[in-house]
Amino acid sequence: MLAIRLRRAGSKKRPFFRVVVADSRAARDSSFVEILGHYNPRSKPAAVHVDTERVAHWLKKGAQPSDSVRTLIARHLTAKPAAAEPVATTLPPPEAL
């Protein structure tokens, strides 16, 4: 089964992750099918760059996202609802009262 998961890169104490499609039985940093993007948790705010079209493609093919990738997509890549603009209330002119 294919999994969409994080693959660790970067040096010691400085994690950097690639979002990849890999066989679920393969080791964390071993072979993969395709790189979908990357995630840097150390930057403020965390930098997430993922090709959403390719993620959708692999999900249609049956790939299962890991818990961390599912959370990453939900927090950083889904469209946030637009905040409702406050309605400006205007009072009628004083002579109308």
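**Note on the predicted model**

1. Among contacts in the protein chain between residues at least 6 apart in sequence, 32% join residues at least 24 apart. This is a predicted model, and the points below should be read with that in mind.

2. The protein chain has 2 helices and 5 strands, and, read along the sequence, these elements follow the pattern β-β-β-β-α-β-α. Of its 97 residues, 26% count as buried, while the accessible surface comes to about 7,300 Å², with 56% of that area belonging to carbon and sulfur atoms.

3. The largest nonpolar core has 14 residues, and those with the most contacts inside it are Ile4, Leu6, Val19, Leu36, Val50, Trp58 and Leu72. Two or more residues each come from strand 1, strand 2, strand 3, strand 4, helix 1 (52–60) and helix 2 (67–77), and strand 2 gives the most, with 3 residues. Leaving aside residues up to four places away in sequence, Ile4 touches a set of residues that includes Val19, Leu36, Val55, Trp58, Leu59, Pro65 and Val69.

4. The structure holds 4 salt bridges. One of them joins the side chains of Arg54 and Glu34, at 2.9 Å from N to O; because Arg54 lies in helix 1 and Glu34 in strand 3, this pair ties together parts that are 20 residues apart in sequence. Arg54 has a relative accessible area of 29% and is therefore partly exposed.

5. Asp67 also forms a salt bridge, with Arg70, the closest N and O atoms being 2.9 Å apart. Both residues lie in helix 2, 3 residues apart, which is about one turn of the helix. Asp67 counts as exposed at 58% relative accessibility, whereas Arg70, with a relative accessible area of 42%, is partly exposed.

6. The side chains of Asp23 and Arg25 likewise meet in a salt bridge, at 3.0 Å from N to O. Asp23 is partly exposed, with a relative accessible area of 26%, and Arg25 is exposed, with a relative accessible area of 71%.

7. Two details of the backbone deserve a careful look. Most residues other than glycine have a negative phi, and most peptide bonds are trans. Lys13, in the loop between strand 1 (2–11) and strand 2 (14–23), has a positive phi near 65° although this residue is not glycine; at 66% relative accessibility, Lys13 counts as exposed. Lys44 and Pro45 are joined by a cis peptide bond, with omega about -10°, and Pro45 lies in the loop between strand 3 (34–40) and strand 4 (47–50).

Methods:
Residues numbered from 1 in each chain as written. Predicted model: local features only at pLDDT ≥ 70, side-chain atom pairs only at ≥ 80, totals over all residues. Heavy atoms only, no water. Helix = DSSP H or I, 4+ residues; strand = E, 2+ residues; numbered from the N terminus. Buried < 20%, exposed > 50% of the residue type's maximum accessible area, 1.4 Å probe, protein only. Contact = heavy atoms within 4.5 Å. Areas by Shrake-Rupley, 256 points an atom, 1.4 Å probe, with all protein chains shown as cover. Core = buried A, V, L, I, M, F, W, Y, C linked by side-chain atoms within 4.5 Å.
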